[in-house]
Amino acid sequence: MSPLQSKFRETALASELVTEEQLRQAIQLIVQSRGGDPNIATEVNEKKVAQQLVEMKIISAYQADQLLTGRTKLNLGPYIITDWIGQGGMGQVFKAVHEMLGRESAVKVLPLHKTTPEAIENFRREIRTQAKLDHPNLVRAFDAGEDGNVHYLVVEYIPGTDLRRLVRSKGKLSVQQAANIIKQSAEGLSHAHERGLIHRDIKPGNILVTPDGVSKLSDLGLAFYLNDASDPRAGKIVGTADYLSPEQIQTPQHITHASDIYSLGCTLYYAVTGKVPFPGGTPKSKARRHLHETPWHPRRFNEEVSDDFVDLIGDMMEKNPRERVQSAAEVAERLAPWAADDSPLLREDMGDRPRWMPAPISSPDSQDTDPNDVVTEMAMSEISDTSQSSIHATMTDDSSISGQHMKPPPPLSTVEQYKMAAHLDDNTTFSIAALFVTAIVCLAIGILVGFIAGYLMGK
Ligand SMILES: Nc1ncnc2c1ncn2[C@@H]1O[C@H](COP(=O)(O)OP(=O)(O)OP(=O)(O)O)[C@@H](O)[C@H]1O
Ligand SMILES: [Mg+2]
């Protein structure tokens with residue numbers, strides 16, 4: 001194969017990412033590195049050329065892979081796609097650079113199969129919403145456009161990770177780390193709230209964290225202006241079941257800023273415990289538990305969490321929105337002592353009503369759900385089902401008569417499950433274990449005595 005006729009050459013030139021001259025240089029460098037004469041055309045493997053172009057920083061590794069598969073279109077409007085970042089509920093996210101401005105951005109693409117008039121209107125709403133916000137703790141929106149039938153949004157590229165990925169890779173955070181991240185998110189959220197926006201989809205996956213420790217709230221796509229009757233999704237729950245507020249479940253068309261505070265409280269719970277408040281189950285059962293049940297005490301999973309910190313999480317996760325912390329600014333203010341250093345200030349007790357189930361027992365909790373696996377969109381009819389079944393459960397369950405919320409089914413280890421199945425308590429288990437050990441010791445002694453006796457008789 002002559003280098004001048006290779007398929008890769010055609011693709012690379014058609015993509016306009018590589019010039020004729022750059023290709024020539026790349027091939028020359030490869031031939032030279034082999035000790036050949038760069039002026040004589042020799043066979044050059046196209047993968048090697050692609051690799052060389054990456055080393056010369058002319059194309060990215062992602063672009064090289066795409067060109068090698070024969071793809072020539074690697075742009076969306078004026079944005080040159082340089083990498084793939086991830087897949088979200090809405091669509092794919094790419095890293096891109098503007099061909100003129102050279103600015104790095106994240107491009108969020110609306111998938112073709114979702115390109116219905118309603119989806120496009122939602123997408124345009126996201127664009128208009130984000131463009132009105134300007135805060136260091138909110139991901140900035142730069143631009144939006146269409147390329148053929150592909151609709152896309154261009155936002156600030158945030159290097160680093162998101163809170164969900166951070167916790168999944170490193171486990172639960174320290175109180176200080178969690179306070180720091182959630183405080184910054186609350187500051188961004190307060191900015192959005194002051195401008196009449198409700199985020200409606202606050203969750204760990206939507207909190208981006210830079211390597212410098214700056215947190216930015218992303219995806220205000222589900223936010224909408226208060227009382228915006230034209231929003232086609234006003235009658236539906238849209239979001240991830242693990243972070244839904246009770247009122248988002250019951251009356252999604254009448255939620256206030258307090259709904260975001262609940263979701264942020266669930267996110268704070270996740271950050272310090274590494275667990276979603278209601279692990280396991282279906283989106284519907286999670287919704288029911290948000291309405292009627294009490295999560296495990298956070299100290300069950302993180303002994304570092306003080307009573308004051310637990311109270312703050314509880315104040316954010318109050319089921320009644322009127323009893324919840326009322327503003328994101330107050331959340332940020334109350335988190336400040338923990339975010340600054342490791343010595344939280346002592347705070348007066350918040351009241352005498354028990355908010356958590358008794359704390360803490362040190363058993364491993366193996367049951368957990370992926371907080372982002374379940375993106376739920378439930379119609380109002382389903383919600384009324386949920387509410388009715390919950391009400392039924394509340395009325396028929398004795399434990400709810402006292403007025404306290406029902407404890408959710410505890411995540412059980414295998415040993416615990418066995419004990420429950422056999423109706424054994426700790427003492428019984430201990431007795432059986434002791435009996436078992438005694439039997440083994442007796443057996444061993446018996447074998448030894450038999451062996452010695454046999455030996456002596458043989459003599
Ligand atoms: N502005 C950004 N800069 C860098 N990475 C981003 C940016 N926005 C999103 N990402 C990353 O892209 C991936 C997909 O994000 P996306 O927001 O589409 O999905 P999601 O938050 O998981 O779900 P949802 O669509 O429900 O919000 C995630 O890994 C996220 O961290
Ligand atoms: Mg997101």
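Two strands are taken to pair if DSSP finds at least two bridges between them, and this criterion is applied throughout the close-ups of this predicted model.

**View 1. Strand β6 and its two antiparallel partners.** Strand β5 (residues 141–147) is joined to β6 by 6 bridges and runs antiparallel to it, with A141 standing opposite V155 in β6. These two strands form a hairpin with 2 residues between them, and G148 in the turn has a positive phi of about 65 degrees. Strand β4 also pairs with β6 in the antiparallel sense, over 5 bridges, and here S105 stands opposite E156. Because 5 of its 7 residues are buried, β6 is largely enclosed by the rest of the structure.

**View 2. The surroundings of ligand 1.** The ligand is surrounded by 21 residues, of which G86, G88, G89, A106 and D162 are the closest. Strands β2 (79–87), β4 (104–109) and β6 (150–156) are the elements that give two or more residues to this shell, which by class comprises 10 nonpolar, 7 polar and 4 charged residues. Ligand 1 lies between domain 2 (75–156) and domain 3 (161–391), because both give residues to the shell around it.

Conventions. Residues are numbered from 1 along each chain as its sequence is written. Chains are lettered from A and ligands numbered from 1 in the order in which they are written. This is a predicted model: local features need pLDDT of at least 70, side-chain atom pairs count only at pLDDT 80 or more; totals for chains, interfaces and linings use all residues. A residue is near a molecule or strand if its C-beta atom, placed from the backbone, lies within 6 Å of it. Helices (H or I, at least four residues) and strands (E, at least two) are DSSP runs, numbered from the N terminus. Ala, Val, Leu, Ile, Met, Phe, Trp, Tyr, Cys and Pro count as nonpolar, Asp, Glu, Lys and Arg as charged, and the others, Gly among them, as polar. Domain bounds come from an automatic or database domain assignment. A residue is buried if 20 or more other C-beta atoms lie within 10 Å of its own, exposed if 12 or fewer, and partly exposed in between; C-beta atoms are placed from the backbone.
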